Every structure is written in C-alpha cells, then in structure tokens.
Amino acid sequence: MYKKILVATDGSSLSSKAISTAIELAAIAGAELLAITVVPPHKEHVIEDSPPLRLTRTRDDKFDADQLAVGEQRVNAVKAQAEAKGVRCSMMTVKSALIAEALIEAARDQHCELIVMASHGHRGIKRVLLGSETQHVLTHSHVPVLVLR
C-alpha cells in the first residue's frame, strides 16, 4: 500500500478533517506521514490610490518569523496527533507564494505516494478570484490525491 503520505494543513478546521483521515490511513498502512504547511514568503499590500488596483510585496523580517512560527505550530500539532496514534511523522514548513506547486514538489522530493488535502469548495466568482490550490494539485500531481470536504 502506501509507505509515505503527505498531508497538507493550512490551520483551518477543514484541514483538520484531512489530517485525521491521513493519520488513519497511515496507521492502517503502516506508513510514515509528512505534515506540510506552506506560508507566504512576503507581505502583500493592495495599493488602492490609483486604478487599476496594484499589489506590492515587501520584505518584513518580523512577518517572515511570525509566518514560520505559525507554520511550525501547525505541523507540530499534526505530529503530536500522529504520534498519539502511533504514526511516525516528519514535518515541513515551506515559504512559497505558489502553494500547489510547493505541495507537488514536496511530494515528489520526499517520495510520497499519496497527497491528502482539503478543499474549501469555493464556487463561482470566489473561485475565479481566489483560484483553487486543490484543483491545481489534482491536475498537476503525478501521485494520487485524496481530497476531503
């Protein structure tokens, strides 16, 4: 079956469902879990003083440190849950603006055989504006993806 399962978390209550499922699957398969979260690499600001709206990015060391700390808390929580169920778990916090690409790359580089993640199920204009990281992973990953809603 599976030897290594990647589970993505963004700290949302919806991703907790993906985490629980990934832990159960890993326990059944005797697989190792890789808990991953992707944090933004920089602060983004919308400048509204002139049309069209512009987005600027700035480097902010405190923001970077805060984001990494939040990421570490997320994956540490997954590791604690996994180990409580007897599942080995490694952790990754990745800084990237390209969430889906970071997940796909991590799965490939870490030799994961399954990606488990949640979908927020945005529809209509919200999906167009926000995009769908889950859809991107589904269409570009070369390993199976289990999506929970």
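I began with a side-chain pair: E32 and S90 make a polar contact of 3.2 Å. The model is predicted, and I read it as such.

I then placed E32 in the fold. E32 belongs to strand β2, which covers residues 32-39. I listed its contacts, leaving out neighbours within four places in sequence. They are K3, K4, I5, R88 and S90.

I5 was my next stop. Not counting residues up to four places away in sequence, I5 touches A22, L25, A26, A31, E32, L33, L34, C112, L114 and V116. So which residues touch the most other members of the largest nonpolar core? I found I5, V7, L33, V78 and V116, in a core of 20 residues. I checked which elements supply at least two residues each: β1 (4-8), α1 (13-29), β2, α2 (61-84) and β6 (114-118). Helix α1 gives the most, with six residues.

Last, I looked at helices α3 (residues 99-109) and α5 (residues 133-140). How do their axes lie? They come within 8 Å and cross at roughly 40°. An angle under 35 degrees would count as roughly parallel, and roughly perpendicular starts at 65. The pair is therefore oblique. I logged the crossing of α3 past α5 as right-handed. On the α3 side, I99, A100, E101, L103 and I104 make the contact.

Note on methods. Residues numbered from 1 in each chain as written. Predicted model: local features only at pLDDT ≥ 70, side-chain atom pairs only at ≥ 80, totals over all residues. Heavy atoms only, no water. Helix = DSSP H or I, 4+ residues; strand = E, 2+ residues; numbered from the N terminus. Polar contact = N/O pair within 3.5 Å; in protein donor to acceptor, adjacent residues only side chain to side chain. Contact = heavy atoms within 4.5 Å. Core = buried A, V, L, I, M, F, W, Y, C linked by side-chain atoms within 4.5 Å. Buried < 20%, exposed > 50% of the residue type's maximum accessible area, 1.4 Å probe, protein only. Axes fitted to C-alpha atoms, helices over the stretch in contact; angles between N-to-C directions. Parallel < 35°, antiparallel > 145°, perpendicular 65-115°, else oblique. Left-handed = near helix turned anticlockwise from the far one by under 90°.
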